[in-house]
Amino acid sequence: VAASFIAYIAPFNSDFRNRLIGENWTPDVINRSIPLTPDFQPMQLLTDPSVVAEWRTQGLPADPLSSENAAIITKCSRFPLIIDPQLQAITWISQREEPNG
């Protein structure tokens, strides 16, 4: 479920993401008898609260959608396409990567 989250969920809004996980992916995993922790949330595997807190000190907004997007950005193996009309992601990435030059 977490791998699908990283690979496919980025373009969707929060409501659609929750429905996709809750109504499609999780039931599919259960129907295929794949072991799954009850009430599993991909963010539990992709990051932890201390990392999310660090992201927030780097300028990431505090909403769950921004945290999910940050987890996708930091875990994907390719450069993601970021559409950022409010420049929130650009601000966060700039502050996050400032120590790297």
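**Before selecting anything**

The model is predicted, and for that reason local features need a pLDDT of at least 70 and side-chain atom pairs count only at pLDDT 80 or more, whereas totals for chains, interfaces and linings use all residues. Residues are numbered from 1 along each chain as its sequence is written, and side-chain values use heavy atoms, with hydrogens and water left out.

**The whole chain**

Followed along the sequence, the pattern reads α-α-α-α-α-α. The C-alpha atoms fill a box of roughly 45 × 25 × 25 Å, taken along the principal axes. Of the 101 residues, 27% count as buried; here buried means under 20% relative accessible area, exposed means over 50%, and partly exposed lies in between, using a 1.4 Å probe and protein chains only. Among contacts (heavy atoms within 4.5 Å) with a separation of 6 or more, 55% come from residues 24 or more positions apart.

**The largest nonpolar core**

Next, select Phe5, Ile9, Trp25 and Trp55, which touch the most other members of the largest nonpolar core, a set of 15 residues. Such a core consists of buried Ala, Val, Leu, Ile, Met, Phe, Trp, Tyr and Cys residues joined through side-chain atoms within 4.5 Å.

Now move to leucine 20, which is found in helix α2 and is buried, with a relative accessible area of 15%. Leaving aside residues up to four places away in sequence, leucine 20 touches Ile9 and Trp25. Leucine 20 and isoleucine 9 are 11 residues apart in sequence, and their C-alpha atoms are 8.5 Å apart in space.

**Where α4 meets α5**

To see the contact itself, select Val52, Trp55 and Arg56 of α4 with Ser67, Ala70, Ala71 and Thr74 of α5.

Within this group, centre on tryptophan 55, which touches Thr47, Leu60, Ser67, Ala70, Ala71, Thr74, Trp92 and Arg96, not counting residues up to four places away in sequence. Then turn to serine 67, which lies in helix α5 and is buried, at a relative accessible area of 4%. Apart from neighbours within four places in sequence, serine 67 is in contact with Met43, Val52, Trp55, Arg56 and Leu60.

**The salt bridges**

A search of the whole structure finds 3 salt bridges, each being a side-chain nitrogen of Lys or Arg within 4 Å of a carboxyl oxygen of Asp or Glu.

Select arginine 17 and glutamate 68, whose side chains meet in a salt bridge at 2.9 Å, N to O. Arginine 17 lies in helix α2 and glutamate 68 in helix α5, so the pair ties together parts that are 51 residues apart in sequence. Arginine 17 counts as buried at 1% relative accessibility, and glutamate 68 is buried as well, with a relative accessible area of 12%. Not counting residues up to four places away in sequence, glutamate 68 touches Phe5, Arg17 and Met43.

Move on to arginine 32 and aspartate 28, which form a salt bridge with the closest N and O atoms 3.0 Å apart. Arginine 32 is exposed, with a relative accessible area of 58%, whereas aspartate 28 counts as partly exposed at 32%.

Finish at arginine 96 and glutamate 97, where the side chains meet in a salt bridge at 3.7 Å, N to O. Arginine 96 counts as partly exposed at 28% relative accessibility, and glutamate 97 counts as partly exposed at 35%.

Methods: Helix = DSSP H or I, 4+ residues; strand = E, 2+ residues; numbered from the N terminus.
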